[in-house]
Amino acid sequence: MYNFEFVKPASIAEATAALESDGAQALSGGQTLLPTMKQRLAAPDVLVSLTGIAEMQGVCLGDVGLHIGAATPHAVVAREAAAHYPALAKLAGGIGDPAVRNRGTIGGSVANNDPAACYPSAVLASGATVVTNRRRIAADDYFQGLFTTALEEGEFITQVLFPIPQKAAYVKFNQPASRFALAAVFVAKFADGVRVAVTGASNGGVFRWAEAEAALSANFSADALAGLSVDADDMISDLHGTAAYRANLVKVLTGRAVSAA
Amino acid sequence: MPKDDGIGASTKRREDIRFLTGKGRYTADINLRDQAIAVFVRSEVAHGRINSIDTAAAAAMPGVLAIMTGADFASVGGNPAGWYVASRDGATMKEPKRPVLAHGKVRHVGDAYAVVVAETLEQAKDAAAAIEADITELPAIVNMADAVANADNRVHDEIENNVCFDWGWIEDNRAAVDAAFASAPHVTTLELVNNRLVPNAMEPRASIGDYDPGTQDYKLYTTSQNPHLTRLLIAAFVLGIPENKLTVIAPDVGGGFGSKIYHYGEEAAVLAASKALNRPVKWVAERSESFLSDAHGRDHVTKIQLALEKDGTFLALRTETMANVGAYLSNFATVTPTFLHGTLMAGPYKTPLVYVNVKAVFTNTAPVDAYRGAGRPEATFSIERVVDMAADELEIDKVEIRRKNLIGADQFPYTTPVGLVYDIGNYQATLDKLIELGDLAGFEKRASESKARGKLRGLGLSTWIEACGIAPSALVGALGARVGLFDAATVRVNATGSISVMTGAHSHGQGHETVFAQVVAERLGIPATSIDIVHGDTSKIPFGMGSYGSRSLAVAGSAMVKAVDKIIAKGKKIAAHMLEASENDIVFEDGKFSVTGTDKAKTFGEIAFSAYVPHNYPLETLEPGLEESAFYDPANFTYPAGAYACEVEVDAETGQVTVASFTCADDFGNVMNPMIVEGQVHGGVGQGIGQALLENTSYDENGQLLTASYMDYAMPRTTDVPFYTVDHSCVTACTHNPLGVKGCGEAGAIGSPPAVVNAVVDALQRGGYTHVKHIDMPVSPSRVWSAING
């Protein structure tokens, strides 16, 4: 790890100002950034910690549904969202291991948009709103590909606002080594339709499976998926699974998520 | 019932007090005054010619004390192969020099070509990044078939076709084996891969070189399973430091599994750097260095054939294997795929004719060497898979085909067609015990319960044997070993009766400090708490050969028993003098020396005290002191054996395999500490499940290691293994060592992988996927699903 300056602002305004300096980098739970720095693959001049800002912490009910501060660790979400949005709580409780869950944050995960991360699927399937220090971004506009989001230079997530579905479930199939998602599916049923978001599987990162959404909106049962298939051409193929295997997993897991919801 | 701390007691491990409270003292915990820090500069390409290495800019950076490259070690010796293996046509083994640091060429990703020593780790890393190496990348040789087929592209310029040797065992039997195949009623053929593994000891390698300019003595603190061998290799082959001027200390070591048997270049480099700087020089590997530079395990590609009668009687077996040795020969690289593999190909069976062919192949990958089981897991996997496949083809029950061919309990000593003499065993007994313990009769019921939950259940068996407790020096010498494989112990009785036992074995997780003390306590009739076991420091212990090959108790433990017997003999002399009796009339029992038929007696403590306060000794016939040493060289290998059953559930939609149960019926001979034996089996089976289902070492076509971290290299976790059922009540005591012990450290890793894979194939067959005959390890979800849908 190379030397860096460290600041820990107490407000969103202070953090916004701190991130305007050259070479500044936002740090939340550090579960991706710090290992990268230890390997000397990243060398920010200034780390701006977002974990000391009170208004970015915690889980509460609000106008949209469940409002979660971006610097809230997974373990807190797993505990405090359980009564309101069990599928989301279960997702949070299945990320990494206890050490990761007590440091890693929802904002960090959504900002990083790792193609195998869990949270992006919940944000997208819930039709959540990503609130930043500058604006509100709809989930459908936010995710733009592997490690790519709508966030601009100096912009950081302050809150994620989740509408609470009537029914939902998240089913994840672990990559055997990392236990990130080899493929995972979040299904959320709202009064006006079903949303299905898939993570871990696609070369394009998290995505919505439109055919499944249409079929499930008409008939919310695993049987509704019978005739559908996922195009393997867009799927990741690596050591842990071929594209065809991942395409299969997406369908199987979607069915299981519907049954579990 | 055994005493709390004698032989047979499940005494809690005394070393765990320090390990579990953070008080262990590992190499990385040792900080010497004025120490400098070393960082190795490693090749980022798999194969390349080094044109130049410019260290000028790096040398001028803050804190940099020294930079050494391969050129600085060009005049010292290479790190040798410990075993000579000739080709079947008589051609000599190809032994390229393995330098301290790569010189001329780099031959695998992670091959170190320079070392930077600086005041701090950060300074050393900064300087390492500033070294400018001009390396012309050459095509990487990764795949063994390509390596052998390509005459022009060579890992070592002088070695044609990248073949180290082409070994036949036993060559004289080849024609008879081929003839048996030609006339056999049935032949089963299987091509399989024994997957390459990264050892992943919890503690990465670390070394500190400490040269004392005052005495010209060198000290090396290092993560070794085998400090005397490391000293010998550095002294006699690499740096030429006289053994009396070099002390090697392997303090607490956090796991080895084979990978820390060997001498590595980093050890020589920190010694040389310390000499150059007159300061201690310390290096601690990062995990990524472990992945790239520790000796890997397994990596065989095998074709195995079994010839049978229609009734399942084995007639002959033959194999052709390519064994990857990587870029250089690690110390045991040549013996692992040959004499630790080929000699086991009879397994526990009466197969009358066996022939084994092994080509050892150089590639641009990390060196490959012994890893828990070392050659024997490869043999066992091949045999037990082909036996299952033959049973399927001939529609014979998997238990019955094994029972029919197992060597009978009345046939020992049994001479195999591959050169071993099994001294004793009872393979039917462990198989029967397995059937009972594993409730094999209840399998169908469990299978239907699984089916009700949408899962396919399978049952896999493995009846295995291993040769361990390596080994008799005479035998291994005849087979090409360049070292002896005895071991040694010194028992020092102190004046107050407490005892220090210095052993040549090394404990890096096995619990020797507990078990060895139990053995000595039992023999001397004194509490184990008054006995300390000293290991790992060549300045304290007698010359022993360290711990690997499940040898510690069978070989070093036997030396310890011999030394204890000498203590008792000496004690009898002292007692005879003190009790004014004839030495022949002294008996030793329960810690007391007494005159037979009388109540005259002296306690062990009184004898010890007298030995050091010899006020009235007849010095012409009785020496003061009570300290004895013994060396022990066994008459044979030991042959633990057992029968394992694995049940799996397969989710056919996702290919996920879950190990539902794992049952072990082992014969380890006499058992000294059942708790530790069971722990060894748990650990071994866990590693075997890891190999079977999870662990996959993958290089791409450019020789880049794709699985170079835990993000992609899957280690077994607690949730990947079941609660084990283990049993070691079937005992046939080893006939040729004083404790009747056989060794248990590798058994689990040897016997378990085929049981797991057999269970998966069985589950798929029962589930109607009868086209699936074999799946290569690791049997990952993706591979299972592809096999089902293939």
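**Entry 1: Val100 of chain B**

Why does B:Val100 count as buried? I looked it up: B:Val100 has 27 C-beta neighbours inside 10 Å, so it counts as buried. My cut-offs: a residue is buried if 20 or more other C-beta atoms lie within 10 Å of its own, exposed if 12 or fewer, and partly exposed in between, with C-beta atoms placed from the backbone.

A note on the source before I go on. This is a predicted model, where local features need pLDDT of at least 70 and side-chain atom pairs count only at pLDDT 80 or more, while totals for chains, interfaces and linings use all residues. Residues are numbered from 1 along each chain as its sequence is written, and chains are lettered from A and ligands numbered from 1 in the order in which they are written.

Back to B:Val100, which I found in the loop between β3 (64-69) and β4 (105-106) of chain B. Helices (H or I, at least four residues) and strands (E, at least two) are DSSP runs here, numbered from the N terminus. Leaving out neighbours within four places in sequence, I listed its contacts as B:Phe73, B:Val76, B:Val238, B:Gly265, B:Ala268 and B:Ala269. Contact means that the two C-beta atoms, placed from the backbone, lie within 7 Å. I also checked B:Ala269 along the chain: it is 169 residues from B:Val100 in sequence, yet the C-alpha to C-alpha distance is 6.7 Å.

**Entry 2: domains**

For chain B I have domain 1 (31-138 + 202-255 + 260-293), domain 2 (376-467 + 638-788) and domain 3 (486-632). The bounds come from an automatic or database domain assignment. I put the C-alpha centres of domain 2 and domain 3 of chain B 40 Å apart. Their contact takes 14 residues from domain 2 of chain B and 13 residues from domain 3 of chain B. On the domain 2 side I noted seven nonpolar, five polar and two charged residues. For these classes, Ala, Val, Leu, Ile, Met, Phe, Trp, Tyr, Cys and Pro count as nonpolar, Asp, Glu, Lys and Arg as charged, and the others, Gly among them, as polar.

Chain A is assigned domain 1 (5-49), domain 2 (54-162) and domain 3 (167-260). There, the C-alpha centres of domain 1 and domain 3 of chain A lie 34 Å apart.

**Entry 3: where the chains meet**

How many residues of chain B are in contact with chain A? I have 16 from chain B against 12 from chain A. Helix α19 (residues 781-788) of chain B gives the most to the chain B side, with three residues. By class, that side has seven nonpolar, seven polar and two charged residues.

**Entry 4: helix α14 and its partner**

I went to α14(B), residues 512-524, next. It has 13 residues and reaches 18 Å from first C-alpha to last, close to the 18 Å expected at 1.5 Å a residue; the expected span is 1.5 Å times one less than the number of residues. The helix is mostly covered, with 13 of its 13 residues buried. Just after α14(B), B:Gly525 takes a positive phi of about 65°.

Then I looked at how α14(B) meets α15(B), residues 552-579: the axes come within 11 Å and cross at roughly 35°. Axes are lines fitted to C-alpha atoms, for helices over the stretch in contact, and angles run from 0 to 180 degrees between N-to-C directions. From α14(B), the residues that meet α15(B) include B:Val515, B:Phe516 and B:Val519, and among those in α15(B) are B:Leu553, B:Met560 and B:Val564. I sorted the residues of this contact into nine nonpolar, three polar and one charged.

**Entry 5: helix α18**

α18(B), residues 747-766, has 20 residues and reaches 29 Å, close to the 28 Å expected. I count 18 of its 20 residues as buried, so α18(B) is largely enclosed by the rest of the structure.

I noted a cis peptide bond between B:Phe412 and B:Pro413, with omega about -5°. B:Pro413 is in the loop between α10 (398-405) and β16 (414-415) of chain B. Another cis peptide bond joins B:Met777 and B:Pro778, omega about -5°, and B:Pro778 lies in the loop between α18 and α19 of chain B.

B:Asp34 has a positive phi of about 70° although it is not a glycine. Buried or exposed, B:Asp34? Exposed: B:Asp34 has 10 other C-beta atoms within 10 Å. B:Ala374, not a glycine either, has a positive phi of about 45°, but B:Ala374 counts as buried, with 29 C-beta neighbours inside 10 Å.
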